[in-house]
Amino acid sequence: MIEIFPAEALSYFTVDEEHNVLRKRVILNKKEIDVQDEAFTLGEKSVLKQAITENQIFYRNYAKDWKNDCENELLYNAESAVIIPISVLDGVQGIILMTHNARSIYDEMIISLLKVFHKYFIIAMDNALHYEQLEINAEMDFLTQLPNLKGLAKKLGSVKQEKTLTQLSLIVMDLDFFKRINDTHGHKSGNEVLKELSQRLKTNLAKDNYIARFDGEEFIILLPNYSQTSAVDVAEKIRHLIGDTPFAIRESMKSSDEESISITASLGLATSTNNDTDIEELIQLADRAMYIGSKQQGRNRVTVAQKGS
């Protein structure tokens, strides 16, 4: 914008839902000034506040008409000013303050050009955010709001690239006799269980425990830089989170009253060092440990996979 329109300085501010303002960037004479994301409160007559409230571009050509009410907003001298709200998805999320030391720099022709420029910029921003949201939705399981296979694959790819990765553990978990819930109480009740389970996992596991819905009632928990011993502790915690507390179902085919049902889970675990980490092999090892070591040995248990087993 400084290259296209007459300006000696430009400041960019972000705006949150409560209209709190944060100074993010300042460019003076085409050189960037270092700012530390300074937060401040806008005065009632501030031109920034007016732009946020009215969500439209406007300009001032004399400092006496605006500058005294904007002491916090400026780090430099200014006379003429253009205030441009950045409205994304119907909400003002940023403000551009473009200024010049001379008076009467901005006129209706410049503002008209700015409005055209601004219109296409906002359309591009909206499209980018819509695309980003579609990408996020495509990586998310609708029922549980956990990452799905696509989300898991993306995370696995990023984990492989982490230079700080020293070892990697992975848990595959499957609910025991889940088909009985669907057959006895109906699929809505089964969905209730899956949603409550996902909430328990998100609430009780550490933030670096990456949880994804793998398929049906099967889940994967990715544990970057977790040793086998630490991963076993996580797996046992999950097993108890599921088995120790019954699940409430409210949409059972059997009854209109709320019911509680007890469920257990079988888990398989595999660990690898960074030097020979093969994610696909880890999943196969953990999956095999879960079925052969846990499912076939009585269920409701954790089995640690060993290479070659």
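Start by selecting Phe 5: at 8% relative accessibility this residue counts as buried, where buried means under 20% relative accessible area, exposed means over 50% and partly exposed is in between, with a 1.4 Å probe and protein chains only. Before you go on, note that this is a predicted model, where local features need pLDDT of at least 70, side-chain atom pairs count only at pLDDT 80 or more, and totals for chains, interfaces and linings use all residues. Residues are numbered from 1 along each chain as its sequence is written, and side-chain values use heavy atoms, with hydrogens and water left out.

With a relative accessible area of 33%, Phe 117 is partly exposed. How do Phe 5 and Phe 117 pair, edge-to-face or stacked? They are edge-to-face, 5.9 Å centre to centre with 80° between the planes. (Rings of Phe, Tyr and Trp, the last by its six-membered ring, pair if their centres lie within 6.5 Å; planes under 30 degrees apart are stacked, over 60 edge-to-face, and the rest tilted.) Phe 5 lies in the segment before β1 (9-15) and Phe 117 in helix α2, so the pair ties together parts that are 112 residues apart in sequence. Helices (H or I, at least four residues) and strands (E, at least two) are DSSP runs, numbered from the N terminus.

Stay on α2, residues 108-138, and pick Ala 128. Ala 128 is partly exposed, at 44% relative accessibility.

Next, two charges over rings. Select Arg 180 and Phe 177: the charged end of Arg 180 sits over the ring, 3.9 Å from its centre. Then try Arg 200, whose charged end sits over the ring of Phe 247, 3.7 Å from its centre. (The rule here is NZ of Lys or CZ of Arg within 6 Å of the ring centre and within 35 degrees of the ring normal.)

Last stop: the largest nonpolar core. This core has 30 residues, and those with the most contacts inside it are Ile 171, Met 173, Leu 175, Ile 238 and Ile 242. A nonpolar core is a set of buried Ala, Val, Leu, Ile, Met, Phe, Trp, Tyr and Cys residues joined through side-chain atoms within 4.5 Å. Colour the elements that give two or more residues to this core, among them β8 (167-175), α5 (187-204) and β13 (265-273). Which element gives the most to this core? That is α6, with six residues.
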